[in-house]
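Hi,

Here is the structure I promised to pass on. Please have a look at it first, and my notes follow below.

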Amino acid sequence: MTDLLFLIATGLILASLLLWGFKYLPGERWQVLAVVLGKKNDSSCWQGTNLTYYGFFIATSQLLSLTLLLVLLGAMNISLAGTILATSLLLSICVPSARIVAGIVEKKQHTFTIGGASFVGIILAPLSILLAENLLNRFSEGYLPMMPVLAAMAIAYALGEGLGRLACISYGCCYGKPLHQCSAFTRWFFQRTGTIFYGETKKVAYESKLCGVRLVPIQAITSIIFTLTALVGSWMFLQEKFTVTFVFCMAVTQIWRLLSEMLRADFRGFGKFSVYQKMGVIAVLYSIALACFDQSEISQHPVIIAGISGLWNPGILIGLQLAWVLFFIYFGRSTVTSSTVSFSLRKDRI
């Protein structure tokens, strides 16, 4: 019953956040969160660096996914030090990969690809777990079983990318095809729920001139599918179905990545079958192979209350906040938009 209450409460909170985001984030005002002043130019105005809602929602999605990861593994009394070490090793590679892979595939330096970064993470996750366990056991005994940790990481990934699509909506990237280019059924199905973006500095506007055009709400669909996958995966994890959970989360997210690109209009690299779609296929096959070769025996039963209680630790809370700040600084500083700021006095209030 406790497990069910936890998942219902989590689901309601996430549903509220997603519905709010789908409604408001396509608007023009939800691209730039703040401006940091830089140099002053000759016209007495300041050049500014834009801090974006894209960075805010990426940082928040990663914060929530890391929190869920700690809760699930804490519920199994898995080594906290090992969890943090394995996750840190993985993130230290995945975060810069978001820009590096985009540069290789899309030939663009000033963009990110969460899909590319996640593929790198999927491939290297087992190695990060093995390395973390090896380092941990040099100084103390650590319990870091492969399949439960992989399952929890898969759930956290699904949640992180699902919520991260709110960032895509705010920036206007990863957008769907115009409805007028779709089949009659697709036009009918999304005639009320299709996404309309506003703002000339959004990617959907400057890349494809689709500002003000009703599009297939592909970011919203992905958010819903991935978030539901994380919730269902969490339920299966708490029922000790670790291998099934891992394969389920990987299969749903990567197969949807393969299919969803058929409804997208943004540039995804060269070729009819994109590199990201190929990555999705490889990731599914790789996940199945890992599941087939897993021979670990788990005797620990997850207790969700223990996992939630484990978060109430000053070190963990400060660490999560620091992670949010680092994510926001890395992903939130816009390099494709600029701003000019001027100030004036309100003489009627002097």
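Helices (H or I, at least four residues) and strands (E, at least two) are DSSP runs, numbered from the N terminus.

A word on where this comes from: it is a predicted model, in which local features need pLDDT of at least 70 and side-chain atom pairs count only at pLDDT 80 or more, while totals for chains, interfaces and linings use all residues. Residues are numbered from 1 along each chain as its sequence is written, and side-chain values use heavy atoms, with hydrogens and water left out.

**Helix packing**

Let me start with helix α8 (residues 218–238) and α9, whose axes come within 9 Å and cross at roughly 170°. The two helices are therefore roughly antiparallel to each other. Contact here means heavy atoms within 4.5 Å. On the α8 side the contact residues include Ile218, Ile221, Phe226 and Phe237, and on the α9 side they include Phe242, Phe248, Val252 and Trp256. By class, this contact has 13 nonpolar, 6 polar and no charged residues; Ala, Val, Leu, Ile, Met, Phe, Trp, Tyr, Cys and Pro count as nonpolar, Asp, Glu, Lys and Arg as charged, and the others, Gly among them, as polar.

Helix α9 (residues 242–260) also meets α5, with axes that come within 8 Å and cross at roughly 30°. That angle makes α5 roughly parallel to α9. The crossing is left-handed (the near helix is turned anticlockwise from the far one by less than a right angle; clockwise would be right-handed). Among the α5 residues in this contact are Met147, Ala151, Tyr157, Glu161 and Arg165, and among those of α9 are Phe246, Met250, Gln254 and Arg257. Here the classes come to 12 nonpolar, 4 polar and 3 charged.

On to α2 (residues 53–75), which packs against α5 (residues 146–171) at an angle of about 160°, with the axes 8 Å apart. That makes α2 roughly antiparallel to α5. This time the crossing is right-handed. The contact of α2 with α5 has 21 nonpolar, 6 polar and no charged residues.

**Cavities and pockets**

Rolling a probe the size of a water molecule over the atoms shows where empty space is left. The search ran on a 1 Å grid over the protein atoms alone: a cavity is a set of points where a 1.4 Å probe fits but cannot get out, a pocket is an open set with protein on both sides within 12 Å along at least five of seven lines, and lining residues have an atom within 4 Å of a point. Grid points are joined across faces, edges and corners, and a volume is the space filled by probe spheres set on the points.

There are 3 cavities of 30 Å³ or more. The largest cavity has a volume of about 580 Å³. It is lined by 32 residues, with Gln62, Leu91, Cys94, Ser118 and Tyr157 closest to its centre. Which helix gives the most to this lining? That is α5, with 10 residues. The lining of the largest cavity divides into 22 nonpolar, 8 polar and 2 charged residues.

The largest pocket holds about 400 Å³ of space. Of its 18 lining residues, Leu66, Ser88, Leu91, Gly319 and Ala323 lie nearest the centre. Helix α12 gives the most to this lining, with 9 residues, and the lining has 13 nonpolar, 5 polar and no charged residues.

The second largest pocket has about 300 Å³. Its lining includes Phe6, Ile13, Leu68, Leu159 and Ile308. Helix α1 gives the most here, with 5 residues, and the classes are 10 nonpolar, 2 polar and no charged.

Best wishes

Technical notes:
Axes fitted to C-alpha atoms, helices over the stretch in contact; angles between N-to-C directions. Parallel < 35°, antiparallel > 145°, perpendicular 65-115°, else oblique.
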